[in-house]
Amino acid sequence: MFPARYWREIPQRYRLEAEKCKRCGRICFPPRSKCPKCGSMEFDAVRLSEGGVVRTFTVIRVAPSQFSDQAPYAVGIVELDGGVKITTQIVDCPLDKIHVGQKVRVEFRRIQEDGSAGILCYGYKCVPVS
Amino acid sequence: MREVAVIGVGMSQWGELWKKSLRQIFVDAALAAIGDAGVDKIDSMYVGCMSSGLFVGQEHLASLLADYVGVAGISAARVESACASGGVAFRSGYIEVASGISDIVLVGGVEKMTDVSGDGATYALATAADQEYEGYQGVTFPGLYAMMASDHMRRFGTTREQIAHVAVKNHKHGAMNPRAQYPYEITVDAVLKSVLVADPLRILDCSPITDGAAAVILCPLDAAKKFTKKPLIKVTGSGSSTDTIALHDREDFCEFAATKRAAERAYKMAGVGPSDISLAEVHDCFTIAEICVIEALGFVERGEGGKAAESGLTALGGRIPVNTSGGLKSKGHPVGATGVAQIVEITEQLRGESGKRQVKGARRGLTQNMGGTGGSTVVHILEVA
């Protein structure tokens, strides 16, 4: 991955930086120039909640090459408190224990390696909480 | 706006075409369409192609292909909207003829997918998802559709067997299509025992990697009789819509809102509804997709899509035959060509040229072609003039 492309997304991947529409309250992640709900262009900086719930998920058995050493792994759509939904791996639990409605917490993890000589890529994954 | 007719269709054999280059595959289909239409000139051309850059390292495609079709000098443009590229190209050609800007327009679609490794093809296809916020996390395309399938099963009680019936039905249709990549029948048991790709979807739930092309010729309806003695097929509805390309940004993970909107626009333009459609070609890139699509098109109620394939409702001889060509599943899915090939199948069906898989008395057909997980969709309605 080209470093600048990776670097640009660091505020979102490392720190969950988002923006909240000043007019309608919609939280945009990643930030946008124009609110897709009300059209406003004024936002306040906010940080996403780290707590959420699994809405749907799958287990990836056939993975892209940069993820093949991790397969099989679970990926789901998690709705964070506040309403933003993210696609994320669900880790640190047996694959057959994951279920819709499960509470999870966002953690900072290594996501992928860019080949043997490239950069290590970090970001968010979710782990179940009891 | 002028009324527009499809007066020629052409389609090559689909499959792993090792001996043929992208340009040759396209030219074969284009010349077949030109011959079928009986035209001696082309005013303009649109090419649907998702990713010739990643698949064969060739961009600037429309000019290259116009040159090799032997019509260099005409206006030509490539259209890209992921797996909906072909359908959107057809809409572009339709609008150009309807507007009066051009009279004879060639619309082709092409993809040459086997010149890269399986991993290379997977990478190219994955670019139709949100690369920074879906692909980055390790989700694949089968994975995204698998999450739709899980959602549909949980909310509507759709069974794994019902989903498998989509593949079984489409292979049964495809077995009657000599141009199909995999023209043979499969069983529910074979689907359920095939390799897991992303739970609950298995390899026989997925459309294959395919080389192929398709082409059609459009002209004003009132001029069409000059060229062809075949039944004239009129485009009566065209609708297009977009949605978020990230699945997680949608309110509902197994409802194709863009398909719903595109269909509403096409139905309104044609002055018809779902019950007026004789047959449809829809985007079954994965089995679950066909289930959600026929719900969005209004052929069945929400949540009932799983029962449709199982009960035979969408099979040849059923109330609304879907994917008589074999669909993407059996016929193959050269992504940029798929939307144009859907027009080819409907045109041949309405002309009564479909042989063993002919829908008797077909008068009005619908095509639905979508990109990614439904971030773009285009719907057309064709009728016997």
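This is a predicted model: local features need pLDDT of at least 70, side-chain atom pairs count only at pLDDT 80 or more; totals for chains, interfaces and linings use all residues.
Local features require pLDDT of at least 70 and side-chain atom pairs pLDDT 80 or more, while totals for chains, interfaces and linings use all residues. Side-chain values rest on heavy atoms, without hydrogens and water, residues are numbered from 1 along each chain as its sequence is written, and chains are lettered from A and ligands numbered from 1 in the order in which they are written.

Strands (E, at least two residues) and helices (H or I, at least four) are DSSP runs, numbered from the N terminus. Two strands count as paired if DSSP finds at least two bridges between them. In chain A, three strands form an open sheet in the order β2-β1-β3, with antiparallel pairing. Strands β2 (27-28) and β3 (43-47) of chain A are at the edges; each has a single partner strand, so one side of each lacks a neighbour in the sheet. Strand β1 (residues 17-21) of chain A is joined to β2(A) by two bridges, and the two run antiparallel. Here A:Lys20 lies opposite A:Ile27 of β2(A).

Further antiparallel pairing involves β7 (residues 103-113) of chain A. Three bridges link β7(A) to β4 (residues 51-60) of chain A. A:Gly52 faces A:Val104 of β7(A) in this pair. Nine bridges link β7(A) to β8 (residues 120-128) of chain A, again in the antiparallel sense. A:Val104 also stands opposite A:Pro128 in β8(A). Six residues separate the strands of the β7(A)-β8(A) hairpin, where A:Gly115 adopts a positive phi near 75°.

The size of an interface is often given as the accessible area lost when the parts come together. Chains A and B bury about 2,700 Å² between them, 52% of it on carbon and sulfur atoms. Buried area is the accessible area (1.4 Å probe) lost by two parts on being put together, summed over both. B:Tyr133, B:Tyr136 and B:Gln137 lose the most area on the chain B side, together 32% of what that side buries. Contact (heavy atoms within 4.5 Å) takes in 35 residues from chain A and 27 from chain B.

Four salt bridges are counted between the chains. Each requires a side-chain nitrogen of Lys or Arg within 4 Å of a carboxyl oxygen of Asp or Glu. One joins A:Arg61 and B:Asp199 at 2.7 Å, N to O. On the side of chain B that touches chain A, α6 (141-156) and β5 (196-198) of chain B are the elements that give two or more residues. The most come from α6(B), with six residues.
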